[in-house]
Amino acid sequence: MEPPEPEWVDCLVRQRERFGSLVQAVFAAEGSTLLQANAALPRWPSPDQCRDQHSPSEQAYGEAIADAQLRQLQGRASEALELATKAHRLAKYLSDATRVAHAASLEGHIALALGRLDHAESALTAALWSRSGPDLRELLTEVTIDLLDLARSRTVPPADAPMWIRMAREHAASPNTAIALRQRLYLGLGRLALAREDPERARRDLDQGLVLPTDQADPTWRLELQRARAEVMERQGQAADAERLRQQAETEAERILGAGHPQLGAAEP
């Protein structure tokens with residue numbers, strides 16, 4: 001009689017099944033869903049995580065995180081939020097700062113997309129103060145980007161917004177931050193300044209993003225930076241120049257990304 005397979009093998013099987021569902025969802029998707037999938041794939045659970053699930057609570061956490069990400073990419077955001085919230089509760093029960101950071105950041109990101117701003121702020125700030133290690137620097141930078149978007153969505157600026165802005169500027173200026181993340185940080189800062197009717201501040205932030213090395217930059221975020229920069233020009237009474245910049249940006253992006261890329265013709269992913 002053969003011994004039973006370890007539980008982590010079952011975890012790998014379920015993860016493979018989820019990935020198959022993800023592939024099906026991506027093949028059937030278009031437009032904004034494809035962009036969400038592109039953004040979410042780097043957060044997809046690593047197979048190594050299956051080996052780290054030793055207790056029932058750890059297994060339940062891993063299942064909830066993976067299912068939340070899959071539901072999110074399938075366009076079932078409300079279900080995804082419930083699962084991410086469950087994962088966050090389990091992470092706190094496990095007293096695991098790294099798991100708290102991952103679960104809370106996912107929970108906050110989904111809540112923000114759903115427009116549930118109070119829920120998003122609570123979860124994102126929990127991720128920010130999770131006291132997790134330096135290996136999660138990229139994840140916490142993503143949290144900072146979401147907090148900038150949250151501040152822009154609020155009619156009344158959150159009390160902690162100045163701190164979020166300061167942290168975003170520190171991450172954006174650091175050579176240790178990946179270029180694509182620096183682009184997104186400057187974009188978030190620029191959009192927030194525009195929402196606060198400060199086009200000059202927005203211009204400075206967006207220009208910082210646009211002068212980053214183009215050979216390392218993400219062309220999709222460069223396109224968004226250029227679109228936001230054109231909006232600044234419009235606010236400053238330069239409508240013709242703004243339209244020229246938009247056309248140049250679309251042409252440049254189409255040359256790099258291809259004519260069928262979902263980012264072309266879509267704004268604010």
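The model is predicted, so to speak of a local feature takes pLDDT of at least 70, side-chain atom pairs count only at pLDDT 80 or more, and totals for chains, interfaces and linings use all residues. Residues are numbered from 1 along each chain as its sequence is written, and side-chain values use heavy atoms, leaving out hydrogens and water.

Let's start with α5. Helices here are DSSP runs (H or I, at least four residues), numbered from the N terminus. At the start of α5, a side-chain oxygen of D96 comes to within 3.0 Å of the backbone nitrogen of T98. After the helix comes G115, with a positive phi near 80°.

| Feature of α5 | Value |
|---|---|
| Residues 97-113 | 17 residues |
| Reach, first C-alpha to last | 24 Å |
| Expected at 1.5 Å a residue | 24 Å |

The expected span is 1.5 Å times one less than the number of residues.

Is α5 largely enclosed or open? It is largely enclosed by the rest of the structure, because 12 of its 17 residues are buried (under 20% relative accessible area, 1.4 Å probe, protein chains only). Among them are R99, A103, E107 and I110. Their cover includes α3 (56-73), α4 (77-94), α6 (117-128) and α7 (137-153).

Now for the cores: sets of buried Ala, Val, Leu, Ile, Met, Phe, Trp, Tyr and Cys residues joined through side-chain atoms within 4.5 Å. The largest has 45 residues, and Y61, V143 and W164 touch the most other members. Elements giving it two or more residues include α5, α8 (161-173) and α9 (179-195). Leaving aside neighbours within four places in sequence, Y61 is in contact (heavy atoms within 4.5 Å) with residues including L90, R99 and A103. A second, separate core of 10 residues includes A202 and L225.

How values were computed. Buried means under 20% relative accessible area, exposed over 50%, partly exposed in between (1.4 Å probe, protein chains only). A polar contact is a pair of N or O atoms within 3.5 Å; within protein, one must be able to donate a hydrogen and the other to accept it, and residues adjacent in sequence count only if both atoms are side-chain atoms.
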